[in-house]
Amino acid sequence: MTMKRKPLAARAADAIGLAYVGAVYVFLLLPIAVIVLMSLNAGEFLTFPPQGISLRWFGALFANEAFMRAIGTSLQVAAIATVCSSVIGVAGALYVVRHATRLREGLRMMLMLPLMLPEILTAIALLFFLYASGIGTRTMFGLVVGHVLVTLPYVFTNVASALYNQDGTLEQAARSLGASPWRAFVRVTLPLIKPGIITGALFAFVISFDLFNMSLLLKGIGMTTLPLQLFDYLRWDFDPTAAAVSTVSIVVTLVAVICVDRTVGLRSLRFG
Amino acid sequence: MNAVMTAEAPVHGADRLHGRRARKGRPGRGAFWLIAPALVLIGVFLVLPYLNIIGMSLRPTAVGAPYGAGFTLANYANALGDGYILGVLADTLLLGVTTVPICLLLGYPVAYHLARTRSRWGGLLYVLVLSPLLVGVVVRSFGWLILLSGNGVINRALIDLGLISTALQLMNNRLGVTIALVHVFLPFMILPLVGVIQSIDPTLEQAARSLGASRLKVFWRLVLPMSWPGIQAGTSLVFVLTLSAYVTPVMLGGAQVKTMSVLVVQNLIDNFQWPAGAAQALVLSACGMVAVWLYARLTGRFMKGLQ
């Protein structure tokens, strides 16, 4: 590093430290890597090492009606939840960053609240409330509300940090030049905070797609999402079809992560 | 609705403030509709339901319906007087107490490395840290199932290498649940730490080193005390998350490891005993809050001692 070479002991310590950090990264990645590997297994069972490479279990997955329906339900719920939490979250962030004064910190805390409360407790609370208020779980309403609650903080925090990064003088310039508030928002603010919105929305989609506790308690009949279906499947079966469907779920996440990387860079991701 | 009212009231009341803002060209009251949907959502579908849980926990149980009419404290008496439930509660707290230090030991070096690295792979490493959060909890637990089961990857590898002759019991016990919980919650330990360590000026460390302090001493006397807020945040977060984990204990603990969340969901869905489940959930939350409060007090004193 510097002009003088580090002494041997220091270099050894560096190497041990790096190996330790590397081992933790392996630990983080291990279960995910093993699933992808297993889904390509040509053999009958989830055995290691895989007996050859094949896509047969993806074929089995596409022929499995319950899984395909669950993927459809998950995509649908995640899409609706993402649109709702994006609209609510962007508007909320605009107010908190641009308009709120004394209440700013309190409002920010309030919008982040769903993230700070345990998901399972929120789901239980919502279940009671839906029942008590007569809304019930026959429609998809309760399920979507639960997903919007959990995903809202991700949109809010990403959009708010994008708004903080530019001070609003451009909007004021547009306004003073005669643009209506809506026009100033669409033509000036929106393009500037677009990366924050994209990141927040993609994050919301991924979180909603994988949400389990909320769906477990709030689903109605025929609203089995992918994580629920996988959970049920694994109670009785333990074959590579489960690995194939997990790989599909991992790929959905991966696509979202690559999109974030291409649009804004991964470092700008806000998580809580 | 209540939340909307209380949040709006000061804006209406503070005409002086509003006037000042209007002069600056920043509409205050006029823009209120921006925050209204979020406040309605959180007020109606989060704050009210949480208040409603307390009401539910005071309802009597009923046959053929989730709960009966009237109010009673019997659910709390049952939860706190039942040796089995108290045992499950103790097990849940113990799981939290074991998961937290392991997360800290694994997470701190990674956080330090991630905060200080100038590698162009920094973004990728960041995603690796986030990956357990981005991949669904059922998928992650399934991954550990493949790794840890009796005929799983780890046992196979150890047998093939001749290190063991019979398969080790790696899951359907506390060990399996703890491994998977550490994996799931490690990001919540690492992320707050990265933020705090990044805010420590690296020149401070260099100055201390150039004044003759050993690396260990620099870490012990400078970096560790300065990263204490991150440690406190991360450990509290992981502890609370562990207490409320549901999927991981069910999938990796089998029938052997029962946590409060599992018990509560069982009472709600299988037994249809809503008041009992509500009371148990609130007892668990209260224990979690008291534990975090005690921890913050104790570590606060320790932190003062370090400085």
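Which residues in helix 1 of chain A meet helix 11 of chain A? This is a predicted model, in which local features need pLDDT of at least 70, side-chain atom pairs count only at pLDDT 80 or more, and totals for chains, interfaces and linings use all residues. Residues are numbered from 1 along each chain as its sequence is written, while chains are lettered from A and ligands numbered from 1 in the order in which they are written.

On the helix 1 side, the residues are A:Ile32, A:Ile35, A:Val36, A:Met38 and A:Ser39. They meet A:Pro240, A:Ala243, A:Ala244, A:Ser246, A:Thr247 and A:Ile250 in helix 11 of chain A (contact puts C-beta atoms, placed from the backbone, within 7 Å; helices are DSSP runs of H or I, at least four residues, numbered from the N terminus). Sorted by class, this contact has eight nonpolar, three polar and no charged residues (Ala, Val, Leu, Ile, Met, Phe, Trp, Tyr, Cys and Pro count as nonpolar, Asp, Glu, Lys and Arg as charged, and the others, Gly among them, as polar).

Now for chain B. In helix 10 of that chain, B:Leu204, B:Glu205, B:Ala208 and B:Arg209 meet B:Val218, B:Leu222 and B:Val223 in helix 11 of chain B. Five nonpolar, no polar and two charged residues make up this contact.

Then there is the contact between the chains, with 66 residues from chain A and 63 residues from chain B. Helix 3 of chain B (residues 36–57) gives the most to the chain B side, with twelve residues. That side of chain B has 46 nonpolar, 13 polar and four charged residues.

Notes. Contact = placed C-beta atoms within 7 Å. Helix = DSSP H or I, 4+ residues; strand = E, 2+ residues; numbered from the N terminus.
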